[in-house]
Amino acid sequence: MSGEPTVDAGGEVPLIELRDVRAAYGRIEVLHGVDLVVPEGSVFALLGPNGAGKSTTLKVISGQLHATAGSIRLGGHRVNGVSAEDLARAGVCTIPEGRGVFANLTVRENLQMMTFTGSSLRHVEEKAYARFPRLKERRGQLAGTMSGGEQQMLSLARGLATDPALLLLDELSMGLAPLVVEELYGIVAGIAAEGVSILVVEQFARTVLGVADLAGLMLHGRVQRVGSPAELEAELSSAYLGAETGGPR
Amino acid sequence: MEDFITFTILGISLAATYAVAASGLVVTYTTSGIFNFAHGAIGAFGAFAYWQLLDWDVPELPAVAIVLLVVAPAVGWLIERVIMRGLQNVSEVIRIVVPIGLLFGMIALIPIIWDPASNSYVVEPFFGDSKVTIFGAGVRYHQLLTIVVAGVVAVGLRFFLFGTRSGVAMRAVVDDRPLAVLNGSRPDRSSSLSWSLGCSLAALSGILVASILSMEVVTLTFLVVNAYAAAVVGRLASLPRTFLGALILGLLQSYAVGYLRDNPSFLPDDVDLITNLRLAVPVIMLFVVLLAIPHAQLRAHGLIRSREVVPRPDVVRSAIGGVVLVAVVAVVSGFLSGSDLLSWSRGLALALIMLSLVPLIGYGGQISLAPMTFAGLGGFAVARWGDGSVLGLVAAVVLSALVGLLVSLPALRLRGIYLALSTLAFAYFVEKVVFTQRALFPTTALPVERLGPVQGDRAYMIFLAVAFSLVGLLVVWIRLGPFGRRLQAMKDSPAACATLGLNLTRTKMQVFALSAGIAGLGGALLAGVSENMSVEEYFAVQNLPVLLMAVVGGIAYVSGSLVGGLLLASFAIIGQWVPTFEVAGMDGQDLVDDLLLLMPALAGLNLGRNPNGVVNEVGRQLRERRQRREEERVEPPERFASPTSLRHSLDAESLGVDRPFTVEELAVLDRALDLRDLEEELSRGTA
Amino acid sequence: MALLEARGVNVRFGGHAAVTDADIDVEVGRVTGLIGPNGAGKTTLFNVLTGLQPCVSGRVSLNGIEITGMAPHDRAQRGLARTFQRLELFGSLTARENLLVAAEIPRRFGAPPAGLTAAQRVDEVVDLVGLGAFVDQRADELTTGHARLLELGRALVTRPKVLLLDEPASGLDADETAYLARLLRELADSGLAVLLVEHDVPLVMQVCRRVYVLDLGKVISVGTPEEIRVDQRVVDAYLGQEVP
């Protein structure tokens, strides 16, 4: 565990590298030493039951929560303590849990908010409307009055239209019907195809396994296993439902 | 008919001024969560700045432009940057009190810059006195201009907030601040912008009314209180509804002046209801509108970690403190001259009134802006029924407590800033309708007889110290008993209290009555100091410095009230003690006076840094010093003395690092400081 | 009839249906579980039961008496007590004072056993739950484990008939969770009706006799832990359906 960033065999610096990261809400420590490496250009699924620390890990990477120990590197640069807005402007696009839209702003105004990362409004609108024609129909409507799926599309439009280097997705599927989730992940796959690295936090394990190249299983504030999605699937059901054999406790 | 049109146009023009002022309030409140009590004072500052430019022969239009586009935005930016940005993780009380501190700062500052004695400040209305006749009614161009300006402000704000990216970002911050951050917008910048915009609007309203009212700081400052009702119609959030509120208010006020002339014949001759009600229209409207706000849903918010500490008092130590206070006062009072004796006695009485806020705000978290009003009721009771007997004091407590109970009934549904505004509305209502009622107050100062055995000034001061100590002890005793626990619990988590079966409404009513009762007693004793109950001392405005200094002293401490009361009284006293001297040709006395005027404001503004008040701050420093001294006294272990203490001081801040250490960095540091070996040695020693 | 009953509860937030037609029975002498993935509406349903959240339609009754429109404190007076997912302790009071506040609230129904002062009832709960080690510490300085136990103790001091626990095991370590499981079973055996919302599914499976599974605001399955474990709908809700 040196201070230098890890360099893999091909000489490439991983896009995300967490080393022994700890984080706490007040005095309650939630991450107890997270190690995580996400190679550039990959789609990494971070899976695990509730309370395992997945969302917290994502908050630490996006700068919303500062680590109490450990190092966070993005593209080889140490970013401990960098503010969330600076990271956002540097190309880290975070779609938070729940509805990542401004409910009292219109669709178009929501898109306008996406221009703080440097893209022009025209560019954002073009890209968003091309991918989601439904948003164009509703551009004058308040985002909060749209259906859950449409809202999630709008929030995902930020990942699409601002050309980020890294996309962080927190529980995209929360509270949505399976068909909608399917459609959304189709779009995520499309963004991945453009070369954007993606870290997905999910509870709906199987949904994500079709999209992800790599997966990590998080339990009790640590990444316990990293492997191919298929490898992890068996372990997952025991982690969630606590089957008699091989439960986490 | 002509009258009607005149009054309507007058009302609309009044409404226009309110609308401009109220929209500024709303813009800052929605983006920063701070209700700017200093809004009117900033408006006054804008008006004086405008006068100054005119005085320097700048033509009207450029002068307006400079004030609105340069001076006011700069003031707003500075206020946000220096004062308001520090107000994160502080309680509602601090968020209310800091702008009050700012208000007094501005009121003190403006006459220092623009000395009322050295000049007569007059601003002519725009277009002078020229009038136009509309449906037979003569209307000044200035009034029409005001209406046009309000329209332009409405359209301009609408365009800014909906048509520009900065405006959209401002609304986005209100909607979901963390998400705005994730979008890469800068919420801090939005806050600065909203304060600049708010101050510009304040200055605009100030310039518009300066020519109609007199150029006098306090008048201009408190005109905006009228606009509160308009802002609350928009629930401090919606601009269109704020404009609607302003329109209703302006018309109501204008028609009240026009058509409410005669008292109903059934009233006795010396009871004047109409004049008083006419003056109270804005606060009555404020109160009514507040009552229409729906009951806030109880919410679980999780364990709050505020920067404020709540001390746990101790009966024995408080009793000793009380005895010491009485002893000190008994001795010191022997050395005070007649006028100083009265001034410091006033301080003790004010401290007692501030004490009424300790259970209410400090323990229970219910904000009231009416302690002096309840005190006034107490003062009235003792003047009316006192005759030097204890019954007068009993009457003071009972009357205030009963009124407190009555006021709490409608106010209980409200929380935070709304509760504070409703109590302020009550204070203004009492001022306009009760305290100026000839039947109750034939003169503005009612004679008050002191309690039988304490006639002399010195005896009265000692008596005040005894009274403060006893009531202080009572408050401490309450805090340590079931009721105090319940209050503290209600402040920490109303939702948890309710789900444990506590009737929050009843608890709030009880504490309101208790607080009003204590304030009533304090008011009665305050009236005894000058042996006069002079109503002006209990006017609504007087609540603001009392709350401010109570919080500055420490709102959750009995001793904090004492400090607050004495501080408030001392600002008038210290000035006389400083010998006259000359500084660079300026009168030194004036300079000191000016600084003293600014003191309360500075103390209030400092609350953002230390929200726990003076008593806590002093206590903390004493504790730390004692701790340091004790640490020094401990015999250091022979060998490891220096590196161990070095290690203690090696926190991140002392090294100028503002992020957590990594294990690697610690290892590097340890090696650099030769601690690695030490640690190993220590661990070997324990093994 | 169950002690606490909810029938046809609906809650909406704007256009979003948070809870749809939920029926729940909480019975005396057993721990009833309520599980479901994130955003399923568990806490919302809980708030409906305790009166912190009004529902669009539906009915809640306690001991046969309808309490749907009642204020939270009235429900508590009738024997409903709860804990909170995010702790709602009285942070500036000590642990003992937290319990005392609850003990000192006058009870309109079911007076406390004669001869016991509030302080004595607090001592009873301190022993029962095992709070002795930290009873004089300030509540906001407690570890999560201790804080959760204190909240449980504070609910018990009110001598409830029904105890609603919102994720009492979150933030606890394995030992503390095991202790909690034992405690919950003891409480149920002593005649309390317990409703347990929990993310820790193994714990639920261990202590509950009957488990409700909530997904997208709907009760998708009810049964014993064994039945739930093999229910394909539950497995789908937790693991999601594969994208083809």
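How many salt bridges does the structure hold over all chains? The count is 34. I'll come back to a few of those, but one thing before we go on: this is a predicted model, and everything I'll mention is computed from it.

Okay, let's start with chains A and C. Chain A has 249 residues, and 57% of them count as buried. Its secondary structure is 9 helices and 10 strands. For chain C we have 244 residues, with 60% counting as buried, and again 9 helices and 10 strands. If you take the contacts in chain C with a separation of 6 or more, 67% are between residues 24 or more positions apart. In chain A that figure is 66%.

Now, the inside. Nonpolar side chains tend to be buried together in soluble globular proteins. Here the largest nonpolar core has 259 residues, and the ones with the most contacts inside it are B:Phe37, B:Tyr228 and C:Leu163. Helix H22 of chain B, residues 504-530, gives the most to this core, with 13 residues. Apart from that core lies another one, of 45 residues, including A:Val43, A:Tyr129, A:Leu219 and A:Leu232.

What does C:Leu163 touch, once we leave aside its neighbours within four places in sequence? Among its contacts are C:Ala81, C:Leu152, C:Leu156, C:Leu187 and C:Val194.

While we're in chain C, have a look at C:Glu151 in helix H5. Is C:Glu151 buried or exposed? Its relative accessible area is 2%, and buried means under 20%, so this glutamate counts as buried. Not counting residues up to four places away in sequence, C:Glu151 touches C:Thr83, C:Phe84, C:Leu87, C:Glu88 and C:Leu89.

Next, where chain C meets chain B. The two bury about 2600 Å² between them, and 58% of that is on carbon and sulfur atoms. Chain C puts in 34 residues and chain B puts in 26. Between these chains there are 10 residue pairs in polar contact. On the chain C side, the elements giving two or more residues are helix H2, strand E6, helix H3 and helix H5. H3 of chain C gives the most to that side, with 5 residues. By class, the chain C side has 18 nonpolar, 7 polar and 9 charged residues. There are also 3 salt bridges between chain C and chain B. In one pair, B:Arg479 meets C:Glu97 at 3.9 Å, N to O.

Side chains of opposite charge can pair when their charged atoms come close. Take A:Arg19 and A:Asp35, whose closest N and O atoms are 3.9 Å apart. A:Arg19 lies in strand E1 and A:Asp35 in strand E2 of chain A, so the pair ties together parts that are 16 residues apart in sequence. Both ends are partly exposed, A:Arg19 at 23% relative accessibility and A:Asp35 at 36%.

Another one links B:Arg171 with A:Glu109, at 2.9 Å. This pair crosses between chains, from helix H6 of chain B to helix H3 of chain A. B:Arg171 and A:Glu109 are both buried.

In chain C, C:Asp140 pairs with C:Arg138 at 3.2 Å. C:Asp140 counts as buried, at 17%, while C:Arg138 is partly exposed, at 24%.

And one last stop: A:Arg134, A:Arg138, A:Glu150 and A:Glu183 are linked in a network of salt bridges. That's it from me, thanks!

Technical notes. Residues are numbered from 1 along each chain as its sequence is written. Chains are lettered from A and ligands numbered from 1 in the order in which they are written. This is a predicted model: local features need pLDDT of at least 70, side-chain atom pairs count only at pLDDT 80 or more; totals for chains, interfaces and linings use all residues. Side-chain values use heavy atoms; hydrogens and water are left out. A nonpolar core is a set of buried Ala, Val, Leu, Ile, Met, Phe, Trp, Tyr and Cys residues joined through side-chain atoms within 4.5 Å. Buried means under 20% relative accessible area, exposed over 50%, partly exposed in between (1.4 Å probe, protein chains only). Helices (H or I, at least four residues) and strands (E, at least two) are DSSP runs, numbered from the N terminus. Contact means heavy atoms within 4.5 Å. Buried area is the accessible area (1.4 Å probe) that two parts lose on being put together, summed over both. A salt bridge is a side-chain nitrogen of Lys or Arg within 4 Å of a carboxyl oxygen of Asp or Glu. A polar contact is a pair of N or O atoms within 3.5 Å; within protein, one must be able to donate a hydrogen and the other to accept it, and residues adjacent in sequence count only if both atoms are side-chain atoms. Ala, Val, Leu, Ile, Met, Phe, Trp, Tyr, Cys and Pro count as nonpolar, Asp, Glu, Lys and Arg as charged, and the others, Gly among them, as polar.
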